[in-house]
Amino acid sequence: MPIVAQSTETTDWVSRFADEVIEESERRAPGKPVVVASGLSPSGPIHLGNLREVMTPHLVADEIRRRGYQVRHLISWDDYDRYRKVPAGVPGVDETWAEHIGKPLTSVPAPKGSPYPNWAEHFKAAMVESLAELGVEFDGISQTEQYTSGVYREQILHAMRHRADIDAILAQYRTKKAPAKKQQQKPVDEAELEAAEGSGAAAEDDGSSGSAGYFPYKPYCGNCEKDLTTVTSYDDDSTELTYSCTSCGFSETVRLNEFNRGKLVWKVDWPMRWAYEGVVFEPSGVDHSSPGSSFQVGGQIVGIFGGKQPIGPMYAFVGISGMAKMSSSKGGVPTPADALKIMEPQLLRWLYARRRPNQSFKVAFDQEIQRLYDEWDRLEAKVADGSVLPADAAAHSRAVRTASGELPRTPRPLPYRTLASVADITAGHEDQALRILSDLDPANPLTSLDEARPRYDKAEAWINTHVPADQRTIVRDEPDTELLKSLDEQARESLRLLLDGLADNWSLDGLTHLVYGVPKVQAGFSPDATPKELPAEIKTAQRTFFALLYQLLVSRDTGPRLPTLLLAVGQERVRTLLGE
């Protein structure tokens, strides 16, 4: 492999892990591609917590690629896991799906109306599409294909021969329990999505508990296809295995060296794959920090297969602004596809890149998304003028490009909150939206909405799907004559000053200067006076003036930023509604 010096500007967590992974890979498998891994179980919607399971190794793998090394990022689709329960709220699914509990996910029908052949493929497809949009390169591995084609046969036989050794390791943890944690109710806007449970790490048997002893292998029943089976005997020499099914009563004897309808239990399966694939780096969720967790136990069991435990940071929760805590087994959980409907891939990548894996963060579906976009745009400006800090520059670089090149971006990235306001006010009328956006900067007008896409489309989707109807902006059709008649002389003068300045200030910057300047002029100050030069009463006067304008234009005390709102309403209509 070529040795490429680390850039001095990439002093971030990704670079530090890349250094460690390259060094460890050279030690374990010199001259071979670096292997990093993720695991995803398509048991239901794959949510934004699960995405951290992918983005953490992706970012590290991409940094290693940038340095000229060959890397394989494996995503193991745990589609041979058992179907555990019927998720709530999934369209096209009803209580009849309960009859499939215990079957492999690839043997469960897809939701009604789905074009995909089974449950696993249905939920996998949305994630694959999102990963492509995010620029994530990976090698997908279907565990159904691996097990049913006999790829792991030797590993299974090896595990069965060493079942006593595996049982002894597991026995060290069976009586240990993690200390009980006091549950604390959190406000809705601090809700968390549990980070991915490490591909199959949800509670399950660690092996057969039948009277014949411990076995690290679970057959799927030859009659009902479920894993509610118990191994009743096994012969190492002939590999004859007998099992019985507690669900349907079926039993049979098979030769395990020819049998491909079953899998190793999770706590053995995961370390077996580490050894088989030569994984050097794989993160794990916070649930793996507890005694007897899959990652901790796997670190001992992997030696039985002649492998080593990967380097792997524990990653923290991903929060969702304004939504209740949910697990991945429930329907309606925010997924990467949901996030990508309202934000560009660069922003979503940035959220995962800028925080160390052990730091929690939130993905915003509420008003907070506007602040996040403002922060992102400020970062872009600092990158452009060279004032950005090194770690922030690294996070930005990882957000906008991969080793393969730049992600597609919006040609004219206008402020997200402005685009959202315009989409709100125009309610789908693209010609009106273009008129308003063209007025933002008359010296350099927008000539087509395509210049503002896809950001405009994301902002419009956010307005239409995440802003409650009672918070949408509806411009008045007629002037509020009662309110206009009731105004005192000072309020009337403020409206006159605004109307007199409209024509000369009809741009975003001009109107911003005008609406903030009117109360200053009324108080005897220059419209250019800075806050430090003004008494505190001016802020109160500005708030009162703004509330009056909102009432006259949209019959509310608040709304979109006033300069944007004025542009959206149009000069002629503004003059009418303000009583000229």
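User: At what angle do helix H17 and helix H19 pack?
Analyst: This is a predicted model. In it, helix H17 covers residues 489-502 and helix H19 covers residues 537-554. Their axes lie 11 Å apart, and the packing angle is about 75°.

User: Is H17 roughly parallel or roughly perpendicular to H19?
Analyst: The two helices pack at an angle of about 75°. Angles from 65 to 115 degrees count as roughly perpendicular. Therefore H17 stands to H19 as roughly perpendicular.

User: Which residues of H17 and H19 make the contact?
Analyst: On the side of H19, the contact uses Phe545, Leu548, Leu549 and Leu552. By class, the residues of the contact of H17 with H19 comprise seven nonpolar, one polar and no charged. The H17 side of the contact is formed by Ala491, Ser494, Leu495 and Leu498.

User: What is the volume of the largest cavity?
Analyst: The structure contains one cavity of 30 Å³ or more. For the largest cavity, the volume is about 100 Å³.

User: Which residues that line the largest cavity are the closest to its centre?
Analyst: The lining of the largest cavity is made up of 13 residues. By class, six of the lining residues are nonpolar, four are polar and three are charged. The closest to the centre are Ala37, Ser76, Arg273, Val279 and Glu282.

User: Which element gives the largest share of the lining of the largest cavity?
Analyst: Strand E1 (34-40), strand E2 (71-77) and helix H7 (266-277) each contribute at least two residues to this lining. The largest share amounts to four residues, and the element that supplies it is H7.

User: Is Asp227 buried or exposed?
Analyst: Asp227 is located in the loop between strand E5 (217-219) and strand E6 (229-234). Apart from neighbours within four places in sequence, Asp227 is in contact with Arg82, Gly102, Lys218, Pro219 and Tyr220. Its relative accessible area is 11%. Buried means under 20%, so Asp227 is buried.

User: What is the relative accessible area of Glu225?
Analyst: Glu225 also belongs to the loop between E5 and E6. Its phi is near 75°, a positive value in a residue other than glycine. Glu225 is partly exposed, and its relative accessible area is 35%.

User: Is Ala427 buried or exposed?
Analyst: Ala427 sits in the loop between helix H13 (416-426) and H14. Although Ala427 is not a glycine, its phi is positive, at about 50°. The relative accessible area of Ala427 is 53%. Exposed means over 50%, so Ala427 is exposed.

User: What is the omega of the cis peptide bond that joins Arg453 and Pro454?
Analyst: Pro454 is placed in the loop between helix H14 (430-440) and helix H15 (455-466). The bond between Arg453 and Pro454 is cis, with an omega of about 10°.

User: Which residues does Asp338 touch, not counting residues up to four places away in sequence?
Analyst: Asp338 is part of helix H9, which spans residues 336-342. Asp338 is partly exposed, its relative accessible area being 25%. Once residues up to four places away in sequence are set aside, Asp338 touches Val333 and Phe365.

User: How many Å apart in space are Asp338 and Gln490, C-alpha to C-alpha?
Analyst: In sequence, Asp338 and Gln490 are separated by 152 residues. In space, the C-alpha to C-alpha distance between Asp338 and Gln490 is 48 Å.

Conventions. Residues are numbered from 1 along each chain as its sequence is written. This is a predicted model: local features need pLDDT of at least 70, side-chain atom pairs count only at pLDDT 80 or more; totals for chains, interfaces and linings use all residues. Side-chain values use heavy atoms; hydrogens and water are left out. Buried means under 20% relative accessible area, exposed over 50%, partly exposed in between (1.4 Å probe, protein chains only). Contact means heavy atoms within 4.5 Å. On a 1 Å grid over the protein atoms alone, a cavity is a set of points where a 1.4 Å probe fits but cannot get out, and a pocket is an open set with protein on both sides within 12 Å along at least five of seven lines; lining residues have an atom within 4 Å of a point. Grid points are joined across faces, edges and corners, and a volume is the space filled by probe spheres set on the points. Ala, Val, Leu, Ile, Met, Phe, Trp, Tyr, Cys and Pro count as nonpolar, Asp, Glu, Lys and Arg as charged, and the others, Gly among them, as polar. Axes are lines fitted to C-alpha atoms, for helices over the stretch in contact, and angles run from 0 to 180 degrees between N-to-C directions. Angles under 35 degrees count as roughly parallel, over 145 as roughly antiparallel, 65 to 115 as roughly perpendicular and the rest as oblique.
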